[in-house]
Every structure is written in structure tokens, then in C-alpha cells.
Amino acid sequence: MAESRRSLQLELQELLLVGLGAIPGALLRWQIAVHLADRNLLVNVFGAALLGLLAGLPVAPRRQLLVGIGFCGSVTTFSSWMLDSVKLIATGAWGQALGLIGFTLGLGLGAAALGFQMGKWLR
């Protein structure tokens, strides 16, 4: 019984960390959506760079939950990126859709790799 209580307590603490990270990420995502046109590209590349940086650093698991899963998970938006692509396809703009997919994917991979290398360098 004590082991199960400790396990539940740990899970609730982890849930709290994810939630605390998700709130500012979601608020930032919302404000970027309100004020900037190419919001999906910007937030996805930013999130990939930050997550890469965290992966390159010796980050404690609790910080990974707070910043990596909570913040980066809510500031980035795979679903909006795909919806933008589908909307372009629906209007017959296949070239633009493929460009958006390729450009975002390439920049995201590059940003994640750069962040990861910076984290290893800072280590």
C-alpha cells in the first residue's frame, strides 16, 4: 500500500511539472498565433531547437518534464502544421504544401541538431 501511494504521489508530481511547463508554452503559442503570420514554422523551429538543447545538456528528469514535455510540447504544434498543409492541398496548391512540409521539416531537424550540439558544447 505504501509503495502504491508513493508511486501515485510521484506521478502526481510529474503531472504537475508537465502542467506547469505547458501553461507558459500554450500562452506563448497563443500570443504568437495572434501577432505573427507564419506562427507554425516559427514555434516548431523554436521548440525543436530548445528540445535539442535540452537533450544535449545533462538535464534532470524533472526539468525534462517541465521544459521538454510541458513547455516544448505545448508551444510546438504538429497538428496545425499538418492542417496548414492539408488546407493548401485542398486548394490545389500542392507545391506550396510540399514546400511547407519540406521547409519546416528541414529547418526543424537543423534547429534540433544545432540545439543538441550547443547543449553538448555547454556541457
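What follows is a quick chat about aromatic pairs, a nonpolar core and one glycine.

Me: What kind of model is it?
Reply: It is a predicted model.

Me: OK. How many aromatic pairs does the structure hold?
Reply: Two. One is Phe-46 with Phe-71, with ring centres 6.3 Å apart and planes at 85°. Planes over 60 degrees apart count as edge-to-face, so that is what this pair is.

Me: Where do Phe-46 and Phe-71 lie?
Reply: Phe-46 is in helix α2, residues 39–56, and Phe-71 is in helix α3, residues 61–75. The pair therefore ties together parts that are 25 residues apart in sequence.

Me: Is Phe-71 buried or exposed?
Reply: Buried, because its relative accessible area is 15% and the cut-off for buried is under 20%. Phe-46 is at 37%, so it counts as partly exposed.

Me: And the pair with Trp-81?
Reply: Phe-78 and Trp-81 are also an edge-to-face pair. Their centres are 5.5 Å apart, with 85° between the planes.

Me: Which helix holds Phe-78 and Trp-81?
Reply: Both lie in helix α4, residues 78–90. They are three residues apart, about one turn of the helix.

Me: Switching topic. Which residues make up the largest nonpolar core?
Reply: Six residues: Ile-32, Val-43, Leu-50, Phe-71, Cys-72 and Val-75. Helices α2 and α3 each supply at least two of the core residues. The most come from α3, which gives three.

Me: What does Val-43 touch, leaving out residues up to four places away in sequence?
Reply: Arg-29, Ile-32, Val-75, Thr-76 and Thr-77. Among those contacts, Ile-32 and Val-75 also belong to the largest nonpolar core.

Me: Last one, the glycine. Where does Gly-119 lie?
Reply: In helix α5, residues 94–122. Gly-119 counts as buried because its relative accessibility is 0%.

Me: What does Gly-119 touch, again skipping residues up to four places away in sequence?
Reply: Leu-53, Gly-56 and Leu-57.

Me: How far is Gly-119 from Val-59?
Reply: They are 60 residues apart in sequence. In space, the C-alpha to C-alpha distance is 9.8 Å.

Note on methods. Residues are numbered from 1 along each chain as its sequence is written. This is a predicted model: local features need pLDDT of at least 70, side-chain atom pairs count only at pLDDT 80 or more; totals for chains, interfaces and linings use all residues. Side-chain values use heavy atoms; hydrogens and water are left out. Helices (H or I, at least four residues) and strands (E, at least two) are DSSP runs, numbered from the N terminus. Buried means under 20% relative accessible area, exposed over 50%, partly exposed in between (1.4 Å probe, protein chains only). Contact means heavy atoms within 4.5 Å. Rings of Phe, Tyr and Trp (its six-membered ring) pair if their centres lie within 6.5 Å; planes under 30 degrees apart count as stacked, over 60 as edge-to-face and the rest as tilted. A nonpolar core is a set of buried Ala, Val, Leu, Ile, Met, Phe, Trp, Tyr and Cys residues joined through side-chain atoms within 4.5 Å.
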